Each structure stands twice: as C-alpha cells, then as structure tokens.
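Try each task before reading its solution.

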Amino acid sequence: MTVHKKPDGGYRCGGLRAMREVVIFLLIFVLLTLSACGEKQENTEPIKVTTNSEISTSEVEQSSSSSAETGADDRISVSFMGIGDNLIHPNLYEYADSLVGAMDDGEYDFTHFFKNIRSFIDSADIAFINQETLSGGDELGLRGYPNFNTPRAIIPQIESAGFDLVGMANNHVLDNDIRGIYHALYNWAKTKCVISGINADEDMRLAIPVIERNGVKFAFLAYTSHTNGIPADVGWRVNYMEKEAIIRDVEAAKKLADFVIVSAHWGWDDVFDIDSYQREYAQVFADAGVDLVVGTGPHVIQHIEWYPRKDGSRMLCAFSLGNYCSGMIGPFNELGGILTLDFVVEKGEKSIENVVFVPTVMHKETGGEMAVYLLSEYTEELAAKSLVNTYSGGLTLDYLHEVLNEQIDSEFLAAE
C-alpha cells in the first residue's frame, strides 16, 4: 500500500461552518429550554443551514475537472481505511469513564478503543468509521439498547483519533428524536470530520459532502435501510435507501468528485448471508456509478465482492465490516475488520487496488480490560477471559479464523 501523510484538513462541500454552528446552537438552546419546562416540542420548523447544494454551473464544471484529466501522466494514489459499527453500549462508555478522572464526571477516553489500530488510521489518507450510536446530548440521559444515547465526548475524540468520514445513517439515528439529531449536528459541525446521513434541512440533504486528498476528490454518501420503525419528522431528515434519491445523489456526486464512496447500513442482525435487498441495492449503487460501498449493520462480517459495470469498470462492495466496538456478547459479534485499499488515478484511468481485509476482535472482561485487538495479536488466554465465554461461550481463535475464512475470500486477506 502506498502510504501518505494525512493532511490536517480537507475540503468540505457542506457550507459555512461558523454560520451553521450558530444556527444549530440557537435551535438546540430553544429545544432544551422547552424540554426543561416540560413542554413537548412538536412540528419544529427546519433550521436553515447554508450549504453548497446550490452550486453554480461554472462551479460544477470547475469541480468536475478531475485529477485524472489534469494529471494524466502521473500516478496518484490515495490510501483508505474503514471500520464498521462503533456501537457504544453502557459497559463501554462506563469503561471509558473509568479511564480518566472520576466516575460520572463527564470525562471519557474513547480513544482507548482505537489505540491498537492507530498505525492504520495514521497511515491512511482517508479514514472512515460508522458511528452506530448517536450522541443526542448527555442531558437527555445516557442509554444503551434499544434507544442509545452516547456521551457527547465521543464526537471530538473520533476526530482526534484521526477519522475523516463518519457514517451517520443507521437504524439508531432517531433514538433521541429531533433534539438528538440537532445536538449531534451541532457538535459534528465543530469538527473537521465529514459526516453524511442526517440533515438539518433540505438543502443539507441535497448537498454532496466532498473531501480532497493528493489532488483527488471524493464524494461521501451514507444511507440506511430503516430506523427501527421510528418515523422521521420530515422526508429529508435521514438518508434512506430510496432508488431515485440514490441515483440523483450519485449523479450529482460524479460531477463534483473523482470517486464516490457510499456507507450502506443494511442487512439483518447476526446474519452472515447477504440477502436479496442488499444485492438489489448493491446493483443500484454499481449502476449509478459508485466506486466503493462500505457496508455496516448486520453486526457480523460479510463477503467482499467486485461488481462489474458495462463500461468495463467495477465497484467494490464490502457488504459488512461487522462490529468494530460493541457490548454485544455473541462470539460472532466480536469479529470485525479494517478495510484497507488504494484509490488510484493513472493516465486518465481510475481504479481501486491493494484491497485487504484486516480482522479485529472486540475484547471485554468483567472488571478488566476492554479493547479492540488485531486478530493476529489476539491470544487464547485473552479469549478465555472474554465476557463472551462467561455468558454464551464459543469464542476461540479457531472459531474466529473459521468465520473469517468462510466470509472473506483469500483474495482480500493478507498472506499471514
């Protein structure tokens, strides 16, 4: 893999951050004030967030002039890494609380959970994470399953850990109703992270988030198949998997970027088999012109496949990277993975190369350590102390390798 130093910032096609922060802050203040007075907030008018969704024709033409055209004789490589569901159950945020300061003092160390993969994050030009649980505001009460509310401290710490792209479209984004959405948007707007999947207004829904690395532009879109039966207040609040909307978004994204990356939250919990819905939408993404689909949602790892297109190009689809960090206790839930690859532009041609899946294991002990390990560094001694073997059993190195080899083709596994 070609390694590049990650730059400090990126290009965000999403508006004037300062204006957005002020507007969202004022809305959150009103919402929380009403909540404190015992009044139910209903029919909230969507706030106006300035975005670049109204891009002029000249701006589109300028943005769509790709690096493949401007540097046709050069080989440009942009490295990518991505992880799956960051699913913060109470035992995880309580452990993060115990690592710094006093308990219940509002201080947490979530970066602890990334310490064993820092080399992957630091060496990647683009790092992706699916933040499965929303930070809807500590004042609403921290909670776990089924309606999660994660400490707000996780937001700046995901940024400080080095992540660039954050998928926010998943089945838990409405767990804290509209107040949670606005709280999350306000706090993410204070970071350099590019998020996709939830929206403050219709303009934000239509805007295409774009970042640039090494002169190559990447559009980032996130979609979810459902929100646990909780309806959104308006149709544009959450990016649902709707074919017409996907085709429209990708068409706009291709005018602004060289590559299109999609975060797709789909599938059934704890099911390894890829269902017809996932395959249907994978084909929709491929036909629309998406380059990479990073799948999340089933809480287990699933196949990685190439989807060929009529023009001879192909899309890479990792149907599920599994859990990265979670409090779940099935042996199959503990195995996740890091997807690494290079986006390459050479002589006017674009491709994805050097695709590797690096398996990880979520480790939890009663009264002991909680951390994510690379499978290559996980031991039988650690497995024996896992909460999984306390409650459900079955977590062994042989089992983890068996699942890995059943789900991930050898083409995508490192030689070791």
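**Exercise 1.** How many helices and strands does the protein chain have?

*Solution.* The model is predicted: local features need pLDDT of at least 70, side-chain atom pairs count only at pLDDT 80 or more, and totals for chains, interfaces and linings use all residues. Residues are numbered from 1 along each chain as its sequence is written, and side-chain values use heavy atoms, without hydrogens and water. Count DSSP runs (helices: H or I, at least four residues; strands: E, at least two; numbered from the N terminus). The protein chain has 13 helices and 14 strands.

**Exercise 2.** Find the residues with the most contacts inside the largest nonpolar core.

*Solution.* Take buried residues (under 20% relative accessible area, 1.4 Å probe, protein chains only). Keep Ala, Val, Leu, Ile, Met, Phe, Trp, Tyr and Cys, joined through side-chain atoms within 4.5 Å. The largest such core has 49 residues, and Met81, Ile117 and Phe163 have the most contacts inside it. Helix H7 (residues 177–188) gives the most to this core: six residues.

**Exercise 3.** Classify the ring pair of Phe128 and Phe220.

*Solution.* Rings of Phe, Tyr and Trp (its six-membered ring) pair if their centres lie within 6.5 Å; planes under 30 degrees apart are stacked, over 60 edge-to-face, the rest tilted. Here the centres are 6.0 Å apart and the planes stand at 70°, so the pair is edge-to-face. Phe128 lies in strand S2 (residues 126–131) and Phe220 in strand S6 (residues 216–224), 92 residues apart. Both Phe128 and Phe220 are buried.

Methods:
Buried means under 20% relative accessible area, exposed over 50%, partly exposed in between (1.4 Å probe, protein chains only).
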